[in-house]
There are 2 protein chains.
Amino acid sequence: MMKVSELGEFGLIELLAKMVDAPQNEQLRIGIGDDASAWYGDTPLQLATVDSLIQDVHFSLGVTTWQELGWKALAVNLSDIAAMGGQPRYALVSLALPGETEVADVTDLYRGMIELAREFNVLIVGGDTCRSPVVVITVTVFGDAGDDRLLTRSAAGVGDKIAVTGCLGGAAAGLEMLTGRLRFDSETTADLKKAFLRPQPRVGEGQLLVRQGVRAAIDISDGLVADLAQVSKASRVSARVDIDRLPVHPAVRGSFGDRATGLALSGGEDYELLFTASAGIIDAVKEAASCPVTVIGEIIAGKQGEVNLVDARGNRYQSPRSGWEHFKT
Amino acid sequence: MMKVSELGEFGLIELLAKMVDAPQNEQLRIGIGDDASAWYGDTPLQLATVDSLIQDVHFSLGVTTWQELGWKALAVNLSDIAAMGGQPRYALVSLALPGETEVADVTDLYRGMIELAREFNVLIVGGDTCRSPVVVITVTVFGDAGDDRLLTRSAAGVGDKIAVTGCLGGAAAGLEMLTGRLRFDSETTADLKKAFLRPQPRVGEGQLLVRQGVRAAIDISDGLVADLAQVSKASRVSARVDIDRLPVHPAVRGSFGDRATGLALSGGEDYELLFTASAGIIDAVKEAASCPVTVIGEIIAGKQGEVNLVDARGNRYQSPRSGWEHFKT
């Protein structure tokens, strides 16, 4: 008898994916194993994704307000739709709450969700609520894609450049600041707090990537290295990351010294898009995008799923810790 | 400051529904407040529903195997699609599990889900897994409807007869038998266990109702009285139930004596369909249906949301307890 903690999250997903793999149909485009599931309703292509946030696992009410929690619970799902290049449309919210939860806290939660939903023209159209010993927020988001083209984890090819939107490490630094009660100047404090608590899903950027001809992408939720490893594995390639080219969040570089690179590599929860494409396509994306786009490495031949970190002198760099994975202890 | 426990589940839903009510669009058919949400993808009409099952709230691993749990977690969602008259198509599964959960238990859970999914041609196409202090299983099901016609809670009209599929009280009696370790003959034991642990979602029956011209329905999850009250409230009418016409589960009538009627009225979790229509339409449904269909009362003018219970002599009957509602203590 093997425990979930021994198998690990990815092993478990793989196992379950195999179990449900058998029955397919012509309309199903993407099942288990990508950021969202996709099928043809008719046209346009329908997308769906779900994520649960669990108290004292994904969030602590000591450092997060209910409103911020609502924002984030939806944001992580919109980010999954963004990572497919889709347009989010509708959300279902399943709320499990202790009976002693304040109603005002729940309405605050919804306020945060609705604020973000409005920003992206998403409608919350249903869900359920029930009693629970801990707070569990499960959001399902449905979206669609304009046509057959989607961003998947499995489309990276040898020779592709690897790029990311925005900057990295801010969310993890924000979490450390809040839980460790670290004191910085007010601008740094505000920037890091925002990076951790109010991530901006890159919905427009995902669609831009599709239009510019990008085919491989993932959102950075578990950390750059961990998520790039997912792309490398699904695409059966290796990856090289030039760590000196990482767009480390300026507030992190300024406040976390030597640890800044590690946070950018492994911190997670930045919800930026990581994508791969030819240098020419990435140049076109850079020109059209309203956010920074940085080339950080290259897809190379080699061991599937491997991510090699090298510094400016070409030396191997050892990542201080790997990304977040559930169940592993 | 009001607590969720003071407001109650329905109050909370109403409150949240109001908050998200504002932004609508032309494609949205049904938002918060019915068994499932519905919108036009293009054609056909897309349906989506979500339900969470939480350890020691909705189920106890002392009386339920993981496989039965998997069946039930999907069944309750298929039942919601059935109650709209739709066809379930895809499911997303969000699993929150303690790290010490056995992998074999999780695969058993999926086995139960897949068994039911195959029976109804549903594909499990995604989800997520994460760590949690208690087991939480959240299933989202997407479906579609052949055309514009759906079964809703708000379409009951004065003069409609009220009917139910199958028989009632079996699930609640099964739960009592299992938790109270009651001993019955082997046939009764098997029947009650099945009623509680392996509910059959009435998917084909829901579609039959639509074809025969029925417009108002709900599935019986919280108990006949509680769910009929939902229909009465949404339709702004009253309801009369003739308690001597209730199709009480034969194993319940035989084993629970005086309490059988109460279990049929308020037990919940039977996942039968309750619907209203003209006598003529119900006769046609009866003829076409492959399961029993029983007229149990009538939609009447009166206080919105009220459910009046009367016996064969026309006397008011006092229900021993009301249906299941989360948070209320």
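Modeller: Chain A has 11 helices and 12 strands. The model is a predicted one. Of the 329 residues in chain A, 61% count as buried. Among the contacts in chain A with a separation of 6 or more, 84% are accounted for by residues 24 or more positions apart.

Let us begin with the sheet of chain A. Six strands make up an open sheet in the order E8-E10-E7-E11-E9-E12, and the pairing is mixed. E8 and strand E12 (307-310) of chain A are at the edges, and each has a single partner strand, so one side of each has no neighbour in the sheet. From one strand to the next, the twist averages 25 degrees.

Strands of a sheet pair through backbone hydrogen bonds, in either a parallel or an antiparallel manner.

The next point is the direction of the side chains. In a regular strand, the side chains alternate between the two faces of the sheet. In strand E8 (residues 216-219) of chain A, A:Ala216 and A:Ile218 lie on one side, while A:Ala217 and A:Asp219 lie on the other. These four residues are all buried, and both faces of E8(A) are covered.

Is H8(A) largely enclosed or largely open? Nine of its 12 residues are buried, so H8(A) is largely enclosed by the rest of the structure. The buried residues of H8(A) are A:Leu224, A:Val225, A:Ala226, A:Asp227, A:Leu228, A:Gln230, A:Val231, A:Ser232 and A:Ser235. After H8(A) comes A:Arg236, which has a positive phi, near 60 degrees.

A further helix also lies against the sheet. Helix H11 (residues 279-288) of chain A lies across E7, E10 and E11 of chain A, and runs at about 135 degrees to E10(A).

We may now turn to chain B. There, too, six strands form an open sheet in the order E8-E10-E7-E11-E9-E12, with mixed pairing. Strand E8 (216-219) and strand E12 (307-310) of chain B are the edge strands, each pairing on one side only. The twist in this sheet averages 25 degrees from one strand to the next. E8(B) pairs with E10(B) in the antiparallel sense over four bridges, and B:Ala217 has B:Phe275 as its bridge partner in E10(B). From E8(B), B:Ala216 and B:Ile218 point one way and B:Ala217 and B:Asp219 the other way, and all are buried.

Strand E9 (residues 238-242) and strand E11 (residues 293-300) of chain B pair in the antiparallel sense over four bridges. In this case B:Ala239 stands opposite B:Ile299 of E11(B). Helix H11 (residues 279-288) of chain B lies across strand E7 (161-165), strand E10 (273-277) and E11 of chain B, at about 135 degrees to E10(B).

Finally, a contact between two helices of chain A may be set beside this picture. The axes of helix H3 (residues 66-82) and helix H6 (residues 186-197) of chain A come within 9 Å and cross at roughly 55 degrees. That angle makes H3(A) oblique to H6(A). A:Glu68, A:Trp71 and A:Lys72 of H3(A) make the contact with A:Lys193, A:Phe196 and A:Leu197 of H6(A). By class, the residues of this contact divide into three nonpolar, no polar and three charged.

Definitions and conventions:
Residues are numbered from 1 along each chain as its sequence is written. Chains are lettered from A and ligands numbered from 1 in the order in which they are written. This is a predicted model: local features need pLDDT of at least 70, side-chain atom pairs count only at pLDDT 80 or more; totals for chains, interfaces and linings use all residues. Side-chain values use heavy atoms; hydrogens and water are left out. Axes are lines fitted to C-alpha atoms, for helices over the stretch in contact, and angles run from 0 to 180 degrees between N-to-C directions. Angles under 35 degrees count as roughly parallel, over 145 as roughly antiparallel, 65 to 115 as roughly perpendicular and the rest as oblique. Contact means heavy atoms within 4.5 Å. Ala, Val, Leu, Ile, Met, Phe, Trp, Tyr, Cys and Pro count as nonpolar, Asp, Glu, Lys and Arg as charged, and the others, Gly among them, as polar. Buried means under 20% relative accessible area, exposed over 50%, partly exposed in between (1.4 Å probe, protein chains only). Two strands pair if DSSP finds at least two bridges between them.
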